Amino acid sequence: MMQSKYLDPQDRALNPMLQLGRKLRLLIVDDQPVNIQALYQVFAADYQVFMATSGPQALAICRDKHPDLVLLDVQMPGMDGYEVCRQIKADAELQDLPVVFVTAHSEPQAETFGLEVGAVDFISKPFNPAVVRARVKTHLTIKLQGDLLRQMVFIDGLTGVYNRRFFDERLALEFQRAKRSGTMLSLMVADVDYFKRFNDRYGHLAGDEALRTVATTLAKQLKRPGDMVSRYGGEEFACILPDTDAAGALSLAGEMNAAIRAAHIIHAESDVCDVMTVSLGVASFRPDATRLAEELIVAADQQLYLAKSQGRGRACG
Ligand code: GH3
Ligand code: MG
Ligand code: MG
Ligand code: MG
């Protein structure tokens, strides 16, 4: 159910509202260029069209270009269309991508199988261009409605970054992933310093505006596609940093600290300095069977507490 390249603020697929006006993207997959050409003619005028002639190439384009829908051939040498569809549906970052089979197969078994591996539709060749166009439009409408729903469920309304619900799901997912791959997982928490005083001095609307600036500033510092920032609580943010060790996470925390200061949100009531600052706590470990994701949160919180007690406006880890 989770989407990928959720164009957070950072991410695309989850945030269709930020993409209004863009051309929707189609990926056409067929081992025979002449078949691709036939479909290309149908869609080129209205859509941004990507093309792939093999399963692996199709999967790579899905991850890289974030198409809104895939038109997929069944019979291809090597990885066939069923397998491509299976892999799309098994990938947490791709599974909401609608797949439409377009194939010379017309037997009910082939169609049933295609729908069972996760396709939303099955179109037999030779096809009628107008019908294919209409069906694709219908599936895209449903897909965008799903994107919008996910945005409403997983994005924080005030700041535009992910919300706590998404954070919880993503942390569990990244924890499992790191356990399987034996890689380090880091968590960073950031808490605005003297934010209550900021509200008291400048008002809640200014406080809200400042939170938006803090959120987007933090998001901009993220470097890798798998990194994410969420609003963990009122004026607290949490970043999940997959495949990142303690030194890497602490260095990023330092950059975030500097970036928030550089955003220059005047805060005359702060004891740290005359602009808004955050305190950051970082924790890292290599997940294994004996650990819980919650331990990472507790450890990062302890470091945050340390940063607060050492004078705020700094990162500890
Ligand atoms: P510290 O440096 O120890 O973190 O002090 P602090 O004042 O930031 O911490 P505290 O937890 O006491 O206060 C957090 C404040 O954040 C209290 C609350 O009114 C404010 N806050 C939480 N969510 C929002 C929000 O959505 N908008 C605004 N404007 N303020 C919020
Ligand atoms: Mg073929
Ligand atoms: Mg707080
Ligand atoms: Mg605070």
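This is a predicted model: local features need pLDDT of at least 70, side-chain atom pairs count only at pLDDT 80 or more; totals for chains, interfaces and linings use all residues.

Tutor: Residues are numbered from 1 along each chain as its sequence is written, and chains are lettered from A and ligands numbered from 1 in the order in which they are written.

Student: What percentage of the residues in the protein chain is buried?

Tutor: A residue is buried if 20 or more other C-beta atoms, placed from the backbone, lie within 10 Å of its own, exposed if 12 or fewer, and partly exposed in between. The chain has 10 helices and 10 strands, which are DSSP runs numbered from the N terminus (helices H or I, at least four residues; strands E, at least two). Of its 317 residues, the buried share is 41%.

Student: Is Asp73 buried or exposed?

Tutor: Asp73 lies in the loop between β3 (69–72) and α3 (81–90). An unreviewed UniProt entry places the feature "modified residue: 4-aspartylphosphate" at Asp73; such annotations may be inferred rather than shown by experiment. Because 27 other C-beta atoms lie within 10 Å, Asp73 is buried.

Student: Within what arc do the buried residues of α10 fall?

Tutor: The buried residues of α10 are Leu296, Ala300, Gln303, Leu304 and Ala307. An α-helix has 3.6 residues a turn, so residues three or four places apart point the same way. Taking the directions from the helix axis to the C-beta atoms, the buried residues of α10 line one face of the helix, because they fall within an arc of 105°.

Student: Which strands do the buried residues of α10 pack against?

Tutor: The face of α10 turned away from its buried side carries the exposed residues Glu294, Val298 and Ser309. Contact requires C-beta atoms, placed from the backbone, within 7 Å. By packing, the partners of the buried residues of α10 are β6, β9 (278–285) and β10 (315–316).

Student: Which element gives the most to the shell around ligand 1?

Tutor: A residue is near a molecule if its C-beta atom, placed from the backbone, lies within 6 Å of it. Of the 16 residues around ligand 1, Asp193, Phe195, Lys196, Gly207 and Gly234 come nearest. The elements giving two or more residues to this shell are β6 (185–192), α7 (195–202) and α8 (204–221). With four residues, the element that gives the most is α8.

Methods. Two residues are in contact if their C-beta atoms, placed from the backbone, lie within 7 Å.
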